[in-house]
Amino acid sequence: MAKFNFKLQNLLDIKEKLENQKKNELAQAIEKLNKYKKQKEDVEFEKKNILNEMKQSIERKISADGIKKANDYMVFLKKVLIQIEKNINISEKVVDKKREELMKIISERKTYEALKEKALEEFIKEENMKEQKILDEIGGYKFIKKSEDE
């Protein structure tokens with residue numbers, strides 16, 4: 001039996017490598033997004049702590065300078081949160097883009113795999129036909145030889 005050779009195997013191999021590359025890019029984008037989300041959680045936690053400290057300070061009668069410092073820090077944290085939100089939005093768009101790219105590559109790879117499967121089926125069909133032809137010829141020779149012997 002002859003060896004099966006898929007003509008588009010190189011393209012299929014390239015699509016598989018691209019798929020792995022896109023998976024890695026998506027994973028990195030998701031990791032970056034999660035990092036920004038964690039930063040947001042940390043800043044929000046810090047903001048809550050400052051608010052609690054300010055409430056407690058008011059009960060203890062803190063100085064005006066202390067209140068101003070705490071307020072300035074809260075303003076700073078709000079600015080940081082705004083920047084983190086921008087980073088999260090950008091990262092979400094990047095993740096969506098990477099996910100779309102990955103889905104496209106997966107679709108292309110599956111198309112090539114389907115073509116390969118069809119080519120393999122056709123190859124097997126042709127090989128079976130060749131084998132059947134050889135068997136028919138052998139059977140014919142045996143029949144003729146048997147007829148001649150009788």
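Trainee: Is K15 buried or exposed?
Mentor: This is a predicted model, in which local features need pLDDT of at least 70, side-chain atom pairs count only at pLDDT 80 or more, and totals for chains, interfaces and linings use all residues. Residues are numbered from 1 along each chain as its sequence is written, and side-chain values use heavy atoms, with hydrogens and water left out. Buried means under 20% relative accessible area, exposed over 50% and partly exposed in between, with a 1.4 Å probe and protein chains only. K15 has a relative accessible area of 15%, so the residue is buried.

Trainee: Which residue does K15 meet in a salt bridge?
Mentor: A salt bridge is a side-chain nitrogen of Lys or Arg within 4 Å of a carboxyl oxygen of Asp or Glu. For K15 the N to O distance is 2.6 Å, and the partner is E108.

Trainee: How many residues apart in sequence are the parts that K15 and E108 tie together?
Mentor: Helices are DSSP runs (H or I, at least four residues), numbered from the N terminus. K15 lies in helix 1 (residues 9–59) and E108 in helix 2 (residues 64–149), so the parts tied together are 93 residues apart.

Trainee: With which residue does K40 form a salt bridge?
Mentor: K40 is partly exposed, at a relative accessible area of 24%. The closest N and O atoms of the pair are 2.3 Å apart, and the partner of K40 is E85.

Trainee: How many salt bridges does the structure hold?
Mentor: Among them is the pair of E25 and K98, with the closest N and O atoms 3.2 Å apart. The structure's total is 14.

Methods. Helices (H or I, at least four residues) and strands (E, at least two) are DSSP runs, numbered from the N terminus.
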